[in-house]
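The report below describes a two-chain model for a reader who works with coordinates. Please keep the sequence and the structure at hand while reading.

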Amino acid sequence: MKEMDNPYAPNMAVIKEIIKETPDTNTYVLCLKEKKFNFRAGQFVMLSLFGVGEAAISICSAPAPSKEFALTFRKVGMVTDAIFNLKEGDKVWVRGPYGNGWPIEKIEGKDLLLVVGGCGCGSFRSLLMHIFMDRERYGNVEILYGTRTPADQIYAYEHEKWRSMPGVRLLRTVEKKDGQKWDEHIGLVTSLFPFIKTKPDDSVVFTCGPEIMMKFVGLELIKKGFSEEQIYLSMERRMRCGIGKCGHCQMGTKYVCKDGPVFCYSEVKKLPDNLISEV
Amino acid sequence: MQFLRKIDTFNKNSRKFITYFSFGNRNHKNIFKPLHISNLLVMDKDNNLMQEKFVIDKEDVNELLRSFMKKYVVFAPVEKKHGVSFQKIDDEKNLCLSYTSTTTPPKKVLYPYKEKLFSFDLSKSEFFESKDNKKTIIFGIHPCDVNAILQLDEFFSNSMEDVYYTARRENLIIFAINCNHAGENCFCSSLGTGPFLEKGYDLLLTDIGEKYLLEVGSDKGKDLIQGNEFREATDDEIEKKREVEEKALREFKKFVDFDSLKNILEEKYTDEIWEEVAEEGTDNSFPCLSCASCSLVCPTCYCYEVFDYIDISLEKGSRFRELDSCQLLEYAEVAGGNFRQGRKERLRHWMMCKFGFAAAGESSKCVGCGRCIEACPAGIDITEVARRLGERNG
């Protein structure tokens, strides 16, 4: 008795490829068995393994309709732990895509400052792929990417390619070298702010990463003359349904799954139960 | 035949319902679909509202119930040692229609505390969905609880339809009874959700003294009583209903005005009352115990947790959902932290939700049944918190 309209019914996907990003983060290229999949950069799926559970994971591949898509995630909970034990050819279950995604229409013809932290968030890569597919529509792209150590930099194998794209600038930083080879900046992602070339007028800021990082990104950028309205954050909450029913991801009057995960800084500041507003 | 939706708004100044008709729902957010027959009223050829009113003897209720039990699963209020609760009833003698409030709300009929979403077979990588579609009657449900169901209807059938809920809902007939008496903790009269019901029923009873007034609210309701020869109500008897309602309205001791809090929503997140109620205790209540009783007994609380269970063969299992509560510590947990670590934040979240200012909006709003006040071991009273928040606004 299978019905297509049940929003809780997942679709089967096969793990086509596993890419080791960092010691605790992998990228999984998944291939859906049945239907094609259409999504926006910044959306997420509910990834599940029967007998273990479900988790919300943002999509990191290019947002083009395809049976194939990719997810990058850290080994951090029950579901991700179990999936790290799987190998290529194994089956997982997905449903989605869910969420609003990055407001790409807001950056048309404008410069984009993209501030990314950590290795748990792959949605910025999906955004970059989107921009690169249609490069002329968007202005300069400046990416600030910070991680704990050099080994934690995800998609490191693509960074040179990004740098070679016209009008793209990538500034990388690590908190500590941890004995590894690193000749770029050292410090928190906000310590790159003195080197920003993006001007507050006619630009938009997208940021994703740990909430505490996004809090200081917002505060520092406002000091530099950016307005609350031009900064967008991708929030993260643990979710059970992804469709605005289970209630877990609520922040006051908003669902992160349905109204987000991308919110304007000014909007998040008015909501309770997050680090940005501190209420 | 034409389907229209009857919409009622409660005017607080005149303490009366204003009724109008519209296609679609209040907010015009959703495309209207004739799914929940209870929300619809049937019009005849000349576009007159076919609202039939009969008068029945009190003993006839038992007879009706007996006939329903032959064809339907019937849930009705049953008196137990520690209070009245909605139970599957198979003997009309157990019916207790004179109750004030049940301990747990009737939402469990539509939305069980725990239910299977589907079962799966790992060896075959297949899964099987489960849904139960038994024709059900909920009998003797009060106006506040019917209004709670109407809110849940909107919530579960909006953009992403919850098929488990809607399948049960389509098979549910609501046979409500108006409240002639307000309980100690009732405050539905302030919220327009009682003590008398204006919408959402298939059949509605009102105790008008010697007899019951029986009103038909939908085709489903009409079909259900077909074959019974009831006497049509006289104007006097209909007038009697109004008198009973006015008398009931005078019995209320608790009042709230949640709407007035809306304008001051943002300031109230930082109000010191949350610290006081949750952590210190007030003159009338102990600190919050985070026991989640309030959300368990709330007829509009819908939050759930999802679990997978696997059986001893390690091959077969099921995915379940179970009622959860924002009052529990684990609820807002995320990888590496918790966004509502303190009881203060959790209590604030729940109360704001009941004031209608959470993500589900009006769909999870309080209907004034008073169960949370009754159930709270610390004696926390939502009407008191609302009143104090309002007063602080000046």
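Predicted model: local features only at pLDDT ≥ 70, side-chain atom pairs only at ≥ 80, totals over all residues.

Residues are numbered from 1 along each chain as its sequence is written, and chains are lettered from A and ligands numbered from 1 in the order in which they are written.

**Chain A**

Chain A holds five helices and 15 strands, where helices (H or I, at least four residues) and strands (E, at least two) are DSSP runs numbered from the N terminus. Its radius of gyration is 18 Å, close to the 19 Å given by the globule rule for 279 residues, so chain A is as compact as a globular protein of that length; the radius is taken over C-alpha atoms, and the rule is 2.2 Å times the number of residues to the power 0.38. Along the principal axes, the C-alpha atoms of chain A fill a box of roughly 60 × 45 × 35 Å.

Of the 279 residues of chain A, 48% count as buried, a residue being buried if 20 or more other C-beta atoms lie within 10 Å of its own, exposed if 12 or fewer, and partly exposed in between, with C-beta atoms placed from the backbone. Among contacts in chain A between residues at least 6 apart in sequence, 71% join residues at least 24 apart; two residues are in contact if their C-beta atoms, placed from the backbone, lie within 7 Å.

The domain assignment divides chain A into domain 1 (11–98) and domain 2 (104–234), with bounds that come from an automatic or database domain assignment. The C-alpha centres of these two domains of chain A lie 24 Å apart, and 16 residues of domain 1 are in contact with 17 residues of domain 2. Strand E1 (11–22) and strand E5 (68–74) of chain A each supply at least two residues of the domain 1 side, and E5(A) gives the most to that side, with four residues.

One residue of chain A can be followed in detail: A:Leu188 lies in the loop between strand E10 (185–186) and strand E11 (203–208) of chain A. A:Leu188 counts as partly exposed because it has 17 C-beta neighbours inside 10 Å. Leaving aside neighbours within four places in sequence, A:Leu188 is in contact with A:Gly146 and A:Glu175, and its C-alpha atom is separated by 7.0 Å from that of A:Thr173, 15 residues apart along the chain.

**Chain B**

An open sheet of eight strands in chain B has the order E6-E5-E9-E10-E11-E12-E4-E13, with mixed pairing; two strands pair if DSSP finds at least two bridges between them. Strand E6 (83–88) and strand E13 (231–232) of chain B stand at the edges, each with a single partner strand, so one side of each is left without a neighbour in the sheet.

| Strands of chain B | Sense | Bridges | Residue pair |
|---|---|---|---|
| E5 (73–80) and E9 (136–141) | parallel | three | B:Phe75 and B:Ile138 |
| E10 (172–177) and E11 (203–207) | parallel | three | B:Ile177 and B:Leu205 |

E11(B) and E12(B) form a hairpin with three residues between them, and B:Gly209 in the turn has a positive phi of about 105 degrees.

Chain B is divided into domain 1 (3–107 + 131–249) and domain 2 (259–310 + 322–392). Their contact takes 22 residues from domain 1 of chain B and 19 residues from domain 2 of chain B, and the largest share of the domain 1 side, eight residues, comes from H3(B).

**Between the chains**

The contact between the chains takes 35 residues from chain B and 37 residues from chain A. E14(B) gives the most to the side of chain B that touches chain A, with five residues. By class, that side of chain B has 23 nonpolar, four polar and eight charged residues, where Ala, Val, Leu, Ile, Met, Phe, Trp, Tyr, Cys and Pro count as nonpolar, Asp, Glu, Lys and Arg as charged, and the others, Gly among them, as polar.
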